Amino acid sequence: MSDFGSVSLRRLQDAFPDALLGSHADVGDATVTLDPAQLVAVMRFLRDDEVTAFEMLMDLTAVDYLGKRETRFEVVYHLYSVARGHRLRVKVAVPESAPEVASLCPIWPAANWMEREVWDLYGIRFEGHPDLRRLLLYEEFEGHPLRKDYPKTGRQPLIGPRG
Amino acid sequence: MASETLQPGAPSVRAAAADLERDLHTDHQVLNMGPSHPATHGTVKFLIELDGETIVDLDIQVGYLHRGFEKECESGSWYKAIPYTDRLNYNSAILCNLGYCLAVEKLLQIETPERCQWLRVLAGELSRIGDHLTRCGAACLELQAMTPFLYGIEARELNWDLQEQLCGARVTSNYIRLGGVKHGMPESFPTHFRKVVGSTRKLLADFEKVVTRNRIFVDRLKGTGIISREECLRYAVTGPMLRSAGVPLDLRKDEPYLVYDQVDFDVPIGEVGDNYDRYLVCVEEIHQSLRIAEQCVERLEELGAGPVDVADARVRWPAKGQVFNRMEEMIQQFKSVTEGPRVPEGEAYTAIESANGELGFYVVSDGGPIPWKVRCRPPSLLNLQPMPGMVRGAMLPDLIPTFDFINMIGGECDR
């Protein structure tokens, strides 16, 4: 898998020299960090290019690095290629001041619910998402519980039946 | 006079005939199904837009079993997340333990001993058999077939007895630990195991005899809930659902973890990706899992008794005798109990083939004793997502078998 990491990295470097902000292959997981502005173009390339051929967006989540990093959030994508049998992790940093990143629904419809979940639990908006409602919690819920500053014992007001 | 008005070409007769041809005006109605409905073995709410009995559109609302799995994991030690993983997919709890432990072990760079790996494969396959039996049995029940359900449940009971003997509990067994398993295979296990495998095969043969070529069952399953190979890939559908659409992706073969590269088994695939294909794939997978489990027991008998954990002080506690008599071990025990292991800083993602598909765990550590992030990639959630497309234009009753064979498990879907 680490072999593949270098192949796909070279491929990405050739196609998008200024989109790659960093990369590593710690514990064998090939990982790249991207410039959020070029996310959609790079992801489309990763899906359509015949060397990378990532047909599947396996996972999409976010991490809150409150107090650890200058840019608070990171959205993490895990890609998988059935044809090639390899994986890649793609990350973009998202600032607290403008928690927004482009939606990948047009590339992989699998992103739809996972982006709704990240909006629900982390409060990161996905620009261009067709239906950005909360997924697991209810609309009246206040705040986003997986943010590190949301207390574990946080209480929510009771809501009545909907009209 | 009367006979004149009934002449075929008479204007009033023509008007009446035209009236019969005219579409009756009908409005679409929205039907609420769930969140607790006897025909869905999962807590989920469907908002179904119907034209008569035809499904026009479907909105699925998940989240009724959301209990903050990730938030809980981020507030205890690395150990304390393991019992929570039991409660993700409570049909195949051991596989959830396994996924989490493999992810943390990847960060810790721990390689478990061979005996432990065979035990993990054995326990995981028992878990998978139980999951598939529940899926196929419950699907029959929800299609009004009580008898095959009871065959399936009887086989599952026997399977749970086995799991109890191996792990100490039937459903949420908490068997897999960081760097090992709870304990080795009991001496009496192989005999009991072979007896149960025999009975399971017999029950399964009865089950298939009643169901597989049953006209009613086939009519309700064949051609319903179709999903194509391309849609599966676009929606990141995995597991038996993807295989029934003809993609032979099984992580046990494609990214062999543990000792799956040393066992002999086949990966069944379907052709059209309808409910019937999913049923056939699941039943065949039970047979294959029985095969794998038999090979595990054989190998474990060859290996004999011995350690089932890594000898790594970070994750395993020292032996009691040393704790009571030596200073270092006592301190180590104290630190292990009060604080738990510290996991090196970094991130890791592992995926295993669970009963429903790719069960992934993405863990992030800041180097401390508490996980910074534990993400579970739930196959149930992603397999459920394309369901509206699978039932659009179908009849309302087709929704039931489609949902059954997606096998959405609330605990894992909603976390």
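Predicted model: local features only at pLDDT ≥ 70, side-chain atom pairs only at ≥ 80, totals over all residues.
Helices here are DSSP runs of H or I of at least four residues, and strands are runs of E of at least two, numbered from the N terminus.

Chain A follows the pattern α-β-β-α-β-β-β-β-α-β along its sequence, which comes to three helices and seven strands. Its C-alpha trace spans about 55 × 35 × 25 Å along the principal axes. Of the 163 residues in chain A, 39% are buried. Turning to contacts within chain A between residues at least 6 apart in sequence, 48% join residues at least 24 apart.

I now move to the interface. Here, 27 residues of chain A are in contact with 32 residues of chain B. On the chain A side, the elements that give two or more residues are β3 (56-64), β4 (73-81) and α3 (111-122). Which of them gives the most? That element is β3(A), with six residues. As for composition by class, the side of chain A that touches chain B has 16 nonpolar, four polar and seven charged residues.

Finally, I would draw your attention to one helix of chain B. Helix α15, residues 327-338, has 12 residues. From its first C-alpha to its last, α15(B) reaches 17 Å, close to the 16 Å expected at 1.5 Å a residue. Is this helix well covered or hardly covered? α15(B) is hardly covered, since the count of buried residues among its 12 residues is zero. Just after α15(B) comes B:Gly340, which takes a positive phi of about 85°.

Thank you for your attention.

Technical notes. Residues numbered from 1 in each chain as written. Chains lettered and ligands numbered in written order. Contact = placed C-beta atoms within 7 Å. Nonpolar A, V, L, I, M, F, W, Y, C, P; charged D, E, K, R; others polar. Buried ≥ 20, exposed ≤ 12 C-beta atoms within 10 Å, placed from the backbone. Expected span 1.5 Å × (residues − 1).
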